[in-house]
Each structure stands twice: as structure tokens, then as C-alpha cells.
Amino acid sequence: MAGDAAAPTRSPTGAIGRSPLEQRILDATMVCVARWGVAKTTLDDIAREAACSRATVYRVFPGGKDAVLEAAFTHDLYRVLLDVGSALASIDSLEDALAVGVSVGIAAVRGHEALTYLLEHEPGVVLPWISFHGLDPLLAFVTKMIKPMLIRFLPDAGKLTDGTASAGEIAEVIGRLVVSYVFEPIEAPHLDLADPAAARRFVRTFLLPDLGSTALAG
């Protein structure tokens with residue numbers, strides 16, 4: 001299988017395109033983690049699920065298990081963000097963009113089977129990525145991906161003198177909301193931001209009034 005793995009390509013959104021072999025290994029990794037967790041998943045498990053050899057997994061991801069896991073979760077994060085982007089593609093108002101972005105993002109992450117397993121059985125694997133300094137690179141990554149989706153509605157700049165928020169700042173707010181509501185859920189149906197109606201109420205009440213007159217006028 002030496003020629004199976006192609007060099008990654010980049011889509012217009014910045015997401016890394018994977019060869020069929022790479023994709024198979026990454027998908028297999030998520031299946032194994034959802035089934036057994038990180039601690040019990042081995043490279044042999046991943047290779048068996050991907051219908052390839054352990055040596056092939058090592059060749060495609062030279063760093064071994066840690067490299068495969070990082071690549072798999074990063075790739076799935078791209079998938080979530082691309083789902084958000086697809087949902088926003090035909091939207092023509094800031095309110096709709098924010099409400100849909102929040103609800104679709106939270107619902108997609110909550111529906112991730114591997115992450116759900118880890119939160120229930122191995123929270124220690126996830127916590128370093130969502131707390132203290134570990135959260136900063138995650139938010140930077142999410143902000144970079146979401147910001148272009150909001151440029152149509154918000155200025156591409158830092159906080160403006162008239163108080164208008166920038167696309168980057170609101171992208172980070174959405175990222176923080178998703179992390180907060182996924183990892184610290186509120187046990188109240190009317191506050192479940194995965195629900196489009198609840199997300200819209202939240203946006204109208206807390207986000208839109210604070211965006212500034214320029215953003216609202218657009």
C-alpha cells in the first residue's frame with residue numbers, strides 16, 4: 001500500500017483534504033475511541049477497523065497513536081466548522097447567522113460520539129484542551145475558521161471607535177459559547193442553545209444589543 005496515501009490538499013475554507021487511506025484511518029480512530037475510549041484504543045485496533053496494517057498507520061501518521069488521535073480530532077473539528085459554514089452559506093442576516101451558527105455548532109459537537117464517550121468515561125483526556133492555557137489555541141483555531149463566515153455582516157477589524165464588534169471578536173464569542181454549553185450544559189430546556197429557538201432568543205437578548213449600531217444597520 002505504499003502509494004495509497006496522497007499529499008494533503010487545502011480546500012478554500014482552509015480545511016485539510018485527506019486521501020482515502022488517511023480518511024479511513026481517521027474515521028476508524030473515531031469509531032474506536034467512541035467504542036473503547038483513548039486509554040484502551042491501540043494502533044492495532046485502529047488498523048483493524050481501517051482494514052490496513054499497523055505499519056501502514058505508522059507510515060501515514062509517523063507519530064503513532066498520539067499523532068493519529070490529534071489528527072482525527074482536528075479533522076472532526078474541521079468537519080463541525082464546515083457544517084456551520086454550510087448552514088450559513090445562504091443566510092442573509094446577522095441575527096440568523098449568529099443563531100444558526102450557535103445552534104448548529106453546539107448540536108454538532110454534542111452529537112460527536114467519541115467526544116461524548118470521553119466526557120462520560122475519560123474527562124481527564126478532554127479537560128486539558130478546554131481549560132486554562134489549553135483553551136487558547138482551540139479558540140484561536142475556531143475563531144480563524146468562523147471569522148470569514150461573519151465578514152458579510154461585521155467589519156473585519158478590531159473593536160471600532162463607535163463600539164461595533166468585529167467579525168473576529170464575535171467568532172471568538174461563538175467559540176466560547178459552544179465550549180461552555182457543550183462541556184458545562186445547563187439543565188433547562190429553554191436555555192439549551194442547541195435548540196434553534198433558544199439560540200435565537202439568546203442572540204436577540206445578549207448578542208445583538210451589544211454589537212453596536214453599525215453591525216445592526218448592516
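Predicted model: local features only at pLDDT ≥ 70, side-chain atom pairs only at ≥ 80, totals over all residues.
Helix H1 covers residues 20–40, a run of 21 residues. A straight helix would reach 30 Å at 1.5 Å a residue, but the end C-alpha atoms of H1 are only 26 Å apart. If you trace the helix in the structure above, look at Ala34, where H1 bends by about 90 degrees.

Now for the charged side chains. Side chains of opposite charge can pair when their charged atoms come close. In this model the count comes to 12 salt bridges. Arg79 and Asp76 are three residues apart in helix H4, so about one helical turn separates them. How exposed are these two partners? Arg79 counts as partly exposed because its relative accessibility is 33%, whereas Asp76, at 11%, counts as buried.

Another salt bridge joins Glu95 and Arg204, with 2.6 Å from N to O. Glu95 lies in helix H5 (residues 94–110) and Arg204 in helix H10 (residues 196–207), so this pair ties together parts that are 109 residues apart in sequence. Glu95 and Arg204 also belong to a network of salt bridges that links them with Asp96 and Arg200.

A further example is the salt bridge between the side chains of Lys147 and Asp156, at 2.8 Å from N to O. Lys147 counts as partly exposed, with 29% relative accessibility, while Asp156 counts as exposed, at 53%.

Next come the aromatic rings. A pair of aromatic rings is described by the distance of the centres and the angle of the planes. How many aromatic pairs does the structure hold? The structure holds three. In one of them, the rings of Tyr78 and Phe141 have centres 5.1 Å apart and planes at 75 degrees, so the pair is edge-to-face. This pair links distant parts of the chain, since Tyr78 is in helix H4 and Phe141 in helix H8 (residues 135–150), 63 residues apart. Tyr78 is buried, with a relative accessible area of 10%, and Phe141 is partly exposed, at 22%.

Tyr181 and Phe202 form an aromatic pair that is also edge-to-face, with 6.5 Å centre to centre and 75 degrees between the planes. Tyr181 lies in helix H9 (residues 167–183) and Phe202 in helix H10, so the pair ties together parts that are 21 residues apart in sequence. Are Tyr181 and Phe202 buried or exposed? Both residues are buried. To finish the tour, look for Phe206 beside them in the listing: Tyr181, Phe202 and Phe206 form one aromatic cluster.

Terms used: Residues numbered from 1 in each chain as written. Heavy atoms only, no water. Helix = DSSP H or I, 4+ residues; strand = E, 2+ residues; numbered from the N terminus. Expected span 1.5 Å × (residues − 1). Bend = angle between axes of the 7 residues up to and from the residue. Salt bridge = Lys/Arg side-chain N within 4 Å of Asp/Glu carboxyl O. Buried < 20%, exposed > 50% of the residue type's maximum accessible area, 1.4 Å probe, protein only. Phe/Tyr/Trp six-rings, centres within 6.5 Å; stacked < 30°, edge-to-face > 60°.
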